[in-house]
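Keep the sequence and the 3D view side by side. This walk moves from the whole chain to single residues.

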Amino acid sequence: MKRHVLHPLWLAIGLVGLILLARHFMVPDDFGIHGDSFTYNFHRLGNIQEWKDFPVKYQGRESCRECHKDNVKTHRRSPHKNVECENCHGPSGNHPDDVEFLPLNRERSLCMRCHASLEYPNAARSDLPAVHDRRHKRKRECVSCHNPHDPREDVE
Amino acid sequence: MTCSRREFLKEAIGGTVATVLPLSAFTFLTSAEARAAIADSKVRWAFLVDTNKCVGCGMCVKACKNENEIPYDAPVTRTWVERYVVTKDGETHVDSPMGGRDGFTSSAIRDEEIDPENIDKAFFVPKLCNQCDNPACVQVCPVGATYQTGDGVVLVDREWCIGCGYCIMACPYGVRFFHPKYKVADKCNFCYHRITKGLQPACVQSCAFGARRLANLRDPDDPVTKIITTERVAVLKDEYGTKPHVFYLGLDTNVR
């Protein structure tokens, strides 16, 4: 064959080889089809474990009960029983190992999430006890009168 | 054309080698490996949202952002709650300020006060990734950075994602966004780190009203699976053929 055909041909083959070589070193070993579909299961296998290892922050009420027995007990019997501790107190994460005290949020806005009056027919929201934020004791914190762990009780 | 015996053998052997060589690129599986590759996983995660129960407190959005380290004040979120108010004149007013992160505490929608007398119906609709069976977002990824796991959850490989944003455009539900810190695509993964440990997703745990629940469709005894299979549930944008796995109870036709 003529040189003007062979030269670009070798160049092209060399380039492809170079790319394949680079690919060999740059693509991790666990990259491939992990499942039955090339379209949906083509990925780096190790990433699944990386996501599994993501740290958990919301530990749930049961972990609070280990130390805060009384509060959890009161709370369990109250109309607020379905509200998780961490909804208001924030994610506990590694508390008390890393963070000794969780920040205490006493803001009205926290209560207003459920108890701000919205007059909606047929909506579950309308079934909750509600106040008009602007009309009901505007300057005071809700928790200065109502006990959030058991709202049936008044704060002395 | 003449051909000597020597030439014929040479060409025949050369040809055979040239055809067989590319075959070595294939992996040959033993029958056990092949069976394992196509075996059905014992888990297929799905989600049930009961829009009748949602009160729009936004605790799920708050919990999700904290749990998954999504910058709290950035206007991006893995899950959000939409408020729909349908008025008597047939108009539908929709809003989701900050994705409903701070709950819905005002009756004004986009600064427009709506007279309660004029409201026909109003409801809240939580939204999250549908973990589709045919995820459009995965099909368009040019680098294999997003994929479906054996249990049906679609994940994003943060190390492999190049941030091109094709998947963000491809998702018909708009659940994907660009993570402002990691500069990659991000989305809800049903709190994969929690559900694989036997915990509930953060949004499910934080919902005081039972409006959000996780199901394993492969477990016939799962109470949530029973609801999905025996009650009348709907999915969003069925016509796209993505086979979404977030099921809704009480879904209104106004929800898009």
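Predicted model: local features only at pLDDT ≥ 70, side-chain atom pairs only at ≥ 80, totals over all residues.

Residues are numbered from 1 along each chain as its sequence is written, while chains are lettered from A and ligands numbered from 1 in the order in which they are written.

Start with confidence. The predictor gives the complex an ipTM of 0.89 and a pTM of 0.86. Its confidence in each residue is the pLDDT, which runs from 0 to 100. Chain B has a mean pLDDT of 93, with 96% of its residues at 70 or more.

Now the overall form. Chain B has 8 helices and 10 strands. Both are DSSP runs numbered from the N terminus: helices are H or I with at least four residues, strands are E with at least two. The radius of gyration of chain B is 25 Å, well over the 18 Å from the globule rule for 256 residues, so the chain is more spread out than a compact globule. That radius is taken over C-alpha atoms, and the rule is 2.2 Å times the number of residues to the power 0.38. Along the principal axes, the C-alpha atoms of chain B fill a box of roughly 100 × 40 × 35 Å. Of the 256 residues of chain B, 40% count as buried. Buried means 20 or more other C-beta atoms within 10 Å of the residue's own, exposed means 12 or fewer, and partly exposed lies in between; C-beta atoms are placed from the backbone.

Turn to a sheet. Strands of a sheet pair through backbone hydrogen bonds, either parallel or antiparallel. In chain B, an open sheet of 3 strands has the order 3-2-4, with antiparallel pairing. Its edge strands are strand 3 (92-95) and strand 4 (119-127) of chain B, each pairing on one side only. Pairing requires at least two DSSP bridges between two strands. Strand 2 (residues 80-87) of chain B is joined to strand 3 of chain B by 4 bridges. In one of these strands, strand 3 of chain B, B:His93 is the bridge partner of B:Val85.

Is helix 1 (residues 5-20) of chain B buried or in the open? Of its 16 residues, the number buried is 0, so helix 1 of chain B lies largely in the open.

Next, B:Leu249. This residue sits in strand 10 of chain B. B:Leu249 counts as partly exposed because it has 18 C-beta neighbours inside 10 Å. B:Arg232 is 17 residues from B:Leu249 in sequence, and 7.0 Å from it in space, C-alpha to C-alpha.

Finish with backbone geometry. Most residues other than glycine have a negative phi, and most peptide bonds are trans. B:Met98 has a positive phi, near 50°, and is found in the loop between strand 3 and strand 4 of chain B. B:Cys191 also has a positive phi, about 55°. B:Cys191 lies in the loop between strand 8 (185-186) and helix 6 (192-195) of chain B. With 27 C-beta neighbours inside 10 Å, B:Cys191 counts as buried. In chain A, the peptide bond from A:His95 to A:Pro96 is cis, with omega near 5°. A:Pro96 belongs to the loop between helix 5 (85-89) and helix 6 (108-115) of chain A.

Terms used
pLDDT = per-residue confidence, 0-100.
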